[in-house]
Amino acid sequence: MAHNPSRKKTGTAVVALLFFGILTCYILQMSPAPILLNLGEHFGVLDNNSLLNLPVNIMYPFIIVGCLVGPSLDTKIGTRNLFVLTMGFVAFGTLLNFAASSSYLILLVGRALFGLGFGFGVPFIGSAIMQWFKPKGREKMNTLNGFFPFIGTLICFSAVAPIASLFGWEFSLGIWGLIALVILAVWVLFVKAKNLPNYADPLDESESVEEKHLYRDLWSRKAIRLLVVAFSLDYINYSFIATILPMFIAESGGFSDAIAGFASSVAFPGIGLIGCLAGGMVMSKIGKRKPQFLVGSVVEFAGILIATLGANVSVVFVLIGISLYAFGNGFWLPSLYCVPMELKGMTASKAGASFALITAIGFIFGFLSPIVGGFMTDALMPLSGLSTYAAQHVFGLRWTLFAFGLVYIINFICFMKIKETGPGKDRHQEQSA
């Protein structure tokens, strides 16, 4: 095949725009979390933990809709145009923050529109990686895909509170919409469908099931069902921790929002990023996926036990425990994204749909987690016997998180049942022969 300079330039632009576009989505995913106490005071919902958590978790039903509708749009309008929809909704929904000062409803509507765009982005990235990258590139991109939640949350927890203190919370939430708008404009102007490669096997694509049977086909696969259960239970904890962590640390240690946000960014996404990098490196070296699942879930469980049981001793135990949790969470994420692509008969559209299915069901639990967690926290607070609101709140949060952490026993069982899909399984079979 002749060398195509325009395709090479397009490839570089695609990787850069994918990185910054999806990263922007993950920065925004938890963006209200570092300033929830400020938002609660501003809108008068500080005394209701479920309403207080709503600016974070209202996005989840709309992410779910975007996830489930996205694969159909991918086949109709193409993967390149699906990214246009992704960044369009993300930009518009986020820019509404500039008009939300006097209306809690506008804040929530903006978060909902952002959620729809985020949801479109989930099947988009799965389909894009399958089409636009060769097998070795897919492994690297799936590791990068695992980075996004941690890099995004790291930036969010580090930047949102300081920006809010300088320019107001509307600006600290809305500025990311301008970034999304720039990415959208560059994509529309410079990335053309004709210059995008397609490395998905055309023979596999011809075997694609009818669209109406797509999710039925995916659900019939045991590995997909086990990943759905494991990701969903894991997301109960991820969503709750990401929502309450800055507030939990601020009240446990008596810190300001800015210091608590920085400590949260190091302990949670910062260490999670290291875990993801380590998991990706181990995965590439041994060519297996299952060991990362098992090790990661054990480390997550241990981390939550340390954070919750040690919270009444010192905030240091919270930071150590959450750091362990984050490392374990990141350690198995690259494997999560690789397994669906390695199942027999998978195509680009099926890979994108499998990402969407796993994420959509997981995000149902992510949506319910802060709500249920809020009710549990409110119910547990009076049982503490403590005199101050902050101490009661910490008590409620830590025991709610302890209860949520018990699901990792189920996760470990699910990961034990998943069959190895990586190339390392073939090397093991050759050595055993």
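What you're looking at is a predicted model, in which local features need pLDDT of at least 70 and side-chain atom pairs count only at pLDDT 80 or more, while totals for chains, interfaces and linings use all residues. Residues are numbered from 1 along each chain as its sequence is written, and side-chain values use heavy atoms, with hydrogens and water left out.

Setting aside residues up to four places away in sequence, Gly275 touches Phe327, Gly330 and Phe331. You'll find Gly275 in helix α12, residues 257-286; helices here are DSSP runs (H or I, at least four residues), as strands are (E, at least two), and they are numbered from the N terminus. Is Gly275 buried or exposed? Its relative accessibility is 0%, so Gly275 counts as buried. That label means under 20% relative accessible area, with exposed being over 50% and partly exposed in between, using a 1.4 Å probe and protein chains only. If you look for Ile35, it sits 240 residues away from Gly275 in sequence, and 26 Å away in space, C-alpha to C-alpha.

Pro370 is another residue to look up, this time in helix α15. Pro370 has a relative accessible area of 0%, so it is buried. Leaving out neighbours within four places in sequence, Pro370 is in contact with Asn53, Asn57, Ser239, Phe240 and Thr243. Val56 is 314 residues from Pro370 along the chain, yet their C-alpha atoms are separated by 8.6 Å.

The axes are lines fitted to C-alpha atoms, for helices over the stretch in contact, and the angles run from 0 to 180 degrees between N-to-C directions. For α3 and α6, the angle is about 40° and the axes are 8 Å apart. That is why α3 and α6 are called oblique to each other. The cut-offs go like this: under 35 degrees is roughly parallel, over 145 roughly antiparallel, 65 to 115 roughly perpendicular, and the rest oblique. On the α3 side, the contact is made by Leu51, Leu54, Pro55 and Val56, and on the α6 side by Tyr104, Leu107, Leu108 and Arg111. Sorted by class, this contact of α3 with α6 has 7 nonpolar, no polar and 1 charged residues. In this sorting, Ala, Val, Leu, Ile, Met, Phe, Trp, Tyr, Cys and Pro are nonpolar, Asp, Glu, Lys and Arg are charged, and the others, Gly among them, are polar.

Next, compare another pair. Helix α13 (residues 290-309) and helix α17 (residues 408-417) pack at about 170°, and their axes are 9 Å apart. So α13 is roughly antiparallel to α17. Among the α13 residues that meet α17 are Phe293, Leu294, Val298 and Phe301, and their partners in α17 include Ile409, Phe412 and Met416. The contact of α13 with α17 has 10 nonpolar, 1 polar and 2 charged residues. Val298 has a relative accessibility of 45%, so it counts as partly exposed.

The structure holds 3 cavities of 30 Å³ or more. A cavity is a set of points on a 1 Å grid over the protein atoms alone where a 1.4 Å probe fits but cannot get out, and lining residues have an atom within 4 Å of a point. Points are joined across faces, edges and corners, and a volume is the space filled by probe spheres set on them. The largest cavity has a volume of about 320 Å³. Of its 26 lining residues, Tyr26, Pro149, Phe231, Tyr337 and Thr359 are the closest to its centre. Helix α14 gives the largest share of that lining, 6 residues. By class, the lining of the largest cavity has 19 nonpolar, 6 polar and 1 charged residues.

The second largest cavity has a volume of about 50 Å³. Its lining includes Leu28, Asn97, Arg111 and Phe114, and the largest share, 3 residues, comes from α6.

Methods
1 Å grid on protein atoms, 1.4 Å probe; cavity = no way out; pocket = protein on both sides within 12 Å on 5 of 7 lines; lining within 4 Å. Contact = heavy atoms within 4.5 Å.
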